[in-house]
Amino acid sequence: QVQLVESGGGPVQTGGSLRLSCKASGRAINVYAMGWFRQAPGKEREFVAAISWTGGSPNYADSVKGRFTMSRDNAKNTVYLQMNSLKPDDTAVYYCAADSSMSFQASYWGKGTRVTVPS
């Protein structure tokens with residue numbers, strides 16, 4: 001079992017930045033693919049970014065490419081999502097996930113952290 005706790009969300013003005021953190025406990029994350037997903041009000045959850053357990057370059061949704069950066073620190077059992085140039089469309093609850101594969105079909109999920117970018 002892996003427990004995931006997200007933090008770092010909050011209100012931010014358009015164009016501002018936030019850094020989300022996802023702290024894992026229970027097991028080391030260095031054997032898991034880690035991902036960030038988000039769910040906006042009235043919409044389905046969508047993929048934001050993911051990085052494989054081997055490291056390497058993360059994958060990003062087109063909507064966040066060039067603005068968001070995902071990183072992992074296996075020593076701290078934590079992944080991060082640096083979000084820059086935030087837009088009102090980025091308003092959502094952001095969830096962290098851990099899975100044995102990049103498909104994220106049977107993942108461990110955190111409870112989310114809310115990001116609000118007023119229009």
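Colleague: Where does F104 lie?

Modeller: F104 lies in the loop between β9 (92-99) and β10. Strands such as these are DSSP runs of E with at least two residues, while helices are runs of H or I with at least four residues, and both are numbered from the N terminus. This is a predicted model, in which local features need pLDDT of at least 70 and side-chain atom pairs count only at pLDDT 80 or more, whereas totals for chains, interfaces and linings use all residues. Residues are numbered from 1 along each chain as its sequence is written, and side-chain values use heavy atoms, with hydrogens and water left out.

Colleague: Why does F104 count as buried?

Modeller: Buried means under 20% relative accessible area, exposed means over 50%, and partly exposed is in between (1.4 Å probe, protein chains only). F104 has 10% relative accessibility, so F104 counts as buried.

Colleague: What makes the phi of F104 worth a remark?

Modeller: Most residues other than glycine have a negative phi. F104 is not a glycine, yet its phi is positive, at about 50°. N77 is another case: its phi is about 55°, and N77 is not a glycine either. N77 is placed in the loop between β7 (68-73) and β8 (78-83). With 12% relative accessibility, N77 also counts as buried.

Colleague: How many aromatic pairs are there, and by what rule?

Modeller: Rings of Phe, Tyr and Trp (its six-membered ring) pair if their centres lie within 6.5 Å; planes under 30 degrees apart count as stacked, over 60 as edge-to-face and the rest as tilted. By this rule there are four aromatic pairs. One of them joins Y32 and Y108, with 6.0 Å from centre to centre and 90° between the planes.

Colleague: What kind of pair do F37 and F47 form?

Modeller: F37 and F47 also form an edge-to-face pair, with 5.7 Å between centres and 75° between the planes. F37 lies in strand β4 and F47 in strand β5 (residues 46-52), so this pair ties together parts that are ten residues apart in sequence. F37, at 10% relative accessibility, counts as buried, whereas F47, with 31%, is partly exposed. Together with F104 and W109, these two residues form one aromatic cluster.

Colleague: Why is D62 called exposed?

Modeller: Its relative accessible area is 64%, so D62 is over the limit for an exposed residue. D62 is placed in the loop between β6 (55-60) and β7.

Colleague: How do you know which residues S107 is in contact with?

Modeller: Contact means heavy atoms within 4.5 Å. Leaving aside neighbours within four places in sequence, S107 is in contact with A97, A98 and D99. S107 is found in the loop between β9 and β10 and counts as buried, at 17% relative accessibility. The C-alpha atoms of S107 and S119, twelve residues apart along the chain, are separated by 33 Å.

Colleague: Which residues does A40 touch under the contact rule?

Modeller: With neighbours within four places in sequence left aside, A40 is in contact with T91 and A92. A40 is found in the loop between β4 and β5.

Colleague: How many helices and strands does the protein have?

Modeller: The protein has zero helices and eleven strands.

Colleague: What makes the protein as compact as a globular protein of its length?

Modeller: The radius of gyration is taken over C-alpha atoms, and the globule rule is 2.2 Å times the number of residues to the power 0.38. For 119 residues the rule gives 14 Å, and the protein has 13 Å, which is close to it, so the protein is as compact as a globular protein of that length. Of these 119 residues, 48% count as buried.
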